[in-house]
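Biologist: I'm new to this one. Can you put it up and walk me through it?

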Amino acid sequence: MPLKRTASGYEREFTCIPSSGVNYTVMKTAVYPGTFDPITNGHLDLISRSLLIVDRIIVAVAANTEKNPLFDVKKRVELVEKSTSGMKNVEVTSFGNLLVDFCTTKGVKMVIRGLRVVSDFEYELQMSLMNRKLNEKIETVFMMPSEEYTFVSSKLIKEVAGFGGNVSGQVPSIVADALKEKFSG
């Protein structure tokens, strides 16, 4: 199915002929939410593999201050934008409201979430079920990262970087530089 450039990005064209006989084009968009404090190569892996099943990804950086983020939301958005700059059909934005409300505002009905280990599943299941309770039209799709990233988490990256450890290969170079700068001062 070919991609067609539109004012809002790209659309995969396929014909849908409902009973009315009218043809229309459908574009599949998903939201990939998270704090991304910082974005890791595991996150980038999920973004690139998500683009194999949807036409467009909105990376939604949560302004969640309850997690005591290392970087403010503006810096996290900047790091995600720079880290995804070579990827087509990726939009990066922040949000500070309920995920289902954000999705509704964007006209998106699919949420992508990553699952690395069993403990992720319990938390993600609770979030998914609450989101479904709040808006039954929004579905959550769970994806596993590539094997090489199953142990990588933003929390672990911050801990290693905070002690001066080398995190290159686990995060984009722009993020490794930002972590060095943050922890050197």
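Modeller: Let's start with one residue. Valine 100 is buried, because its relative accessible area is 3%. Buried means under 20% relative accessible area, exposed over 50%, and partly exposed in between, with a 1.4 Å probe and protein chains only.

Biologist: What sort of model is this?

Modeller: It is a predicted model, where local features need pLDDT of at least 70, side-chain atom pairs count only at pLDDT 80 or more, and totals for chains, interfaces and linings use all residues. Residues are numbered from 1 along each chain as its sequence is written, and side-chain values use heavy atoms, with hydrogens and water left out.

Biologist: Back to valine 100. Which helix is it in?

Modeller: Valine 100 belongs to helix H3, residues 99-106. Helices (H or I, at least four residues) and strands (E, at least two) are DSSP runs, numbered from the N terminus.

Biologist: How far is valine 100 from asparagine 131 in space?

Modeller: The distance is 6.3 Å, C-alpha to C-alpha. In sequence the two residues are 31 apart.

Biologist: Zoom out. How many helices and strands are there?

Modeller: The protein has 6 helices and 7 strands. Along the sequence the pattern reads β-β-β-α-β-α-β-α-β-α-β-α-α. The protein has 185 residues, and 43% of them count as buried.

Biologist: What about H1, why is it largely enclosed?

Modeller: Of its 10 residues, 8 are buried, so H1 is largely enclosed by the rest of the structure. Among the buried ones are Asn41, His43, Leu44 and Ile47.

Biologist: And the loop between E3 and H1, which proline lies there?

Modeller: Proline 38 lies in that loop. A cis peptide bond joins aspartate 37 to proline 38, with omega about 0 degrees.

Biologist: What is the phi of phenylalanine 36?

Modeller: Phenylalanine 36 has a positive phi of about 50 degrees, although it is not a glycine. Most residues other than glycine have a negative phi, and most peptide bonds are trans. Phenylalanine 36 is also in the loop between E3 and H1.

Biologist: Is phenylalanine 36 buried or exposed?

Modeller: Buried, because phenylalanine 36 has a relative accessible area of 3%.

Biologist: Now asparagine 89. Where does it lie?

Modeller: Asparagine 89 lies in the loop between helix H2 (73-83) and strand E5 (90-95). Its phi is positive too, about 65 degrees. Asparagine 89 counts as buried because its relative accessibility is 16%.

Biologist: Change of topic: the largest pocket. Which residues lie nearest its centre?

Modeller: Gly34, Thr35, Lys67, Arg113 and Tyr123 lie nearest the centre, out of 43 lining residues. On a 1 Å grid over the protein atoms alone, a pocket is an open set of points where a 1.4 Å probe fits, with protein on both sides within 12 Å along at least five of seven lines; lining residues have an atom within 4 Å of a point.

Biologist: Which element gives the most to that lining?

Modeller: H4 does, with 9 residues. Elements that each supply at least two lining residues include strand E3 (29-34), helix H1 (41-50), helix H4 (118-134) and helix H5 (154-162). Strand E6 (110-114) and strand E7 (139-143) are also among them.

Biologist: How do E6 and E7 pair?

Modeller: E6 and E7 pair in the parallel sense, over 5 bridges. Two strands pair if DSSP finds at least two bridges between them.

Biologist: Which residue in E7 is the bridge partner of isoleucine 112?

Modeller: Valine 141 is the bridge partner of isoleucine 112.
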